Amino acid sequence: MKMTRRPRRNRKNSIIRSMVQETDVSVSKLIYPLFLMDGVKKKEEINSMPGIFRYSIDHILAEIETCCKLNLKSFILFPAVEEQLKNSDATYSYDPSNFYLRAIREIKQKFPEVVIVTDVAMDPYNSDGHDGLVKNGKILNDETLPILGKMAMAQAESGADIVGPSDMMDGRIGYLRECLDEAGFAETGIMSYTAKYASNFYGPFRDALESAPKYGDKKTYQMDYANSREALIEAELDIYEGADFLMVKPALAYLDIIQSLKQNFDIPIVAYNVSGEYSMVKAAAEKGWLNGEKTMIEILYSIKRAGADIIISYFAKEFAQIAESR
Ligand code: PBG
């Protein structure tokens with residue numbers, strides 16, 4: 001058999017394999033989502049997300065300390081707000097005494113070096129469960145922007161490093177940039193949920209926050225999963241309006257979108273490996289149908305290989321623990 005090219009030669013042993021390995025996942029490129037709740041000494045596991053909890057502020061500080069020891073130092077925070085504090089204009093979202101803003105202040109005071117990314121959207125605080133202001137069943141765009149602006153400024157004021165608009169209203173990046181700059185927060189970054197699809201993979205997250213829309217769906221603002229070119233339009237606008245990061249969400253079923261943004265734009269690309277993607281692996285692993293740990297690592301590498309510079313993942317802590325023990 002005469003064969004000049006034998007790709008298997010470069011797979012001969014583990015040292016050669018690691019020499020030719022093209023992609024790496026490192027803990028410094030991971031962001032760990034944390035769910036916050038009001039109160040003290042509270043830690044509740046989320047039913048559909050084994051290993052992921054809602055924490056009160058005291059517990060969140062302890063959790064962040066544990067993560068820091070694993071070199072995991074970037075976090076994205078989401079609030080689980082009690083139903084009676086929600087209203088149609090999400091006023092609790094920028095009330096300076098709310099537990100989310102208090103948590104940011106306490107975290108930054110105790111761990112000034114950690115990076116805190118926030119969530120800017122109305123849904124956790126909105127009695128309608130939508131990301132924008134609802135009137136007569138319609139999600140209003142321009143009327144939502146000032147609420148998002150107040151939310152982002154309150155978060156920046158509390159010490160957030162990066163605000164993360166996940167609402168998908170048109171023009172919000174430019175609007176937030178202007179609000180932040182005018183209020184003296186020119187150093188606060190914006191991580192835009194650029195291509196956020198109306199996805200079924202958000203189910204477990206909505207359980208975690210009890211934030212599912214009370215009626216209708218999110219298809220008039222989140223993107224249609226049948227579309228990819230539309231992501232380029234969103235990305236162009238976000239860059240023009242001043243975003244510091246472009247995000248694709250979800251990640252695993254959207255690797256083509258990650259690759260396309262990476263090829264077309266020069267700012268860091270973030271992929272959000274969302275709740276449903278986490279729960280699927282956990283559920284299959286619990287049944288013994290998949291090796292959970294190996295599958296998790298493969299998924300993170302795949303997202304990286306597609307072109308993500310940074311990955312937001314519920315697996316971040318587990319990955320950091322494995323990385324440390326190796
Ligand atoms: C909403 C928001 C969602 C997620 C992050 N921010 C869900 C939604 O749009 O309903 C989902 C994250 C996940 O599933 O892990 N502003």
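**Entry 1: backbone**

I started at Asn 71, which sits in the loop between helix H2 (57-69) and strand E4 (74-80). Helices (H or I, at least four residues) and strands (E, at least two) are DSSP runs, numbered from the N terminus. I noted that the model is predicted, that local features need pLDDT of at least 70 and side-chain atom pairs pLDDT 80 or more, while totals for chains, interfaces and linings use all residues. Residues are numbered from 1 along each chain as its sequence is written, and side-chain values use heavy atoms, with hydrogens and water left out.

Asn 71 has a phi near 70°, a positive value in a residue other than glycine. I also looked up a cis peptide bond, which joins Lys 249 and Pro 250 with omega about -15°. Pro 250 lies in the loop between strand E10 (245-249) and helix H8 (255-264). Most residues other than glycine have a negative phi, and most peptide bonds are trans.

**Entry 2: the ligand**

Which residues come nearest to the ligand? I found Arg 206, Lys 218, Lys 249, Ser 275 and Tyr 314, out of 18 residues around the ligand (near: a heavy atom within 4 Å). By class, this shell has 8 nonpolar, 3 polar and 7 charged residues. Ala, Val, Leu, Ile, Met, Phe, Trp, Tyr, Cys and Pro count as nonpolar, Asp, Glu, Lys and Arg as charged, and the others, Gly among them, as polar.

I then listed polar contacts (pairs of N or O atoms within 3.5 Å). A polar side-chain atom of Lys 218 is 2.7 Å from an oxygen atom of the ligand, and one of Lys 196 is 2.9 Å from a ligand oxygen atom. The side chain of Ser 166 has an N or O atom 2.8 Å from a nitrogen atom of the ligand. The ligand taken alone exposes 400 Å², and the protein buries 100% of that (Shrake-Rupley method, 1.4 Å probe).

**Entry 3: cavities**

How many cavities of 30 Å³ or more are there? I count 2. A cavity is a set of points, on a 1 Å grid over the protein atoms alone, where a 1.4 Å probe fits but cannot get out; lining residues have an atom within 4 Å of a point. A volume is the space filled by probe spheres set on the points.

The largest cavity holds about 140 Å³, and it is the space taken by the ligand (more than half of the atoms within 2 Å of grid points). Its lining has 16 residues, with Asp 123, Lys 196, Tyr 202, Phe 205 and Lys 249 nearest the centre. Strand E9 (189-196) and helix H6 (203-209) each give at least two of the lining residues.

The second largest cavity holds about 40 Å³. Strand E1 (30-37) and strand E3 (49-55) each give two or more residues to its lining. That lining has 7 nonpolar, 1 polar and no charged residues.

Notes:
A polar contact is a pair of N or O atoms within 3.5 Å; within protein, one must be able to donate a hydrogen and the other to accept it, and residues adjacent in sequence count only if both atoms are side-chain atoms. On a 1 Å grid over the protein atoms alone, a cavity is a set of points where a 1.4 Å probe fits but cannot get out, and a pocket is an open set with protein on both sides within 12 Å along at least five of seven lines; lining residues have an atom within 4 Å of a point.
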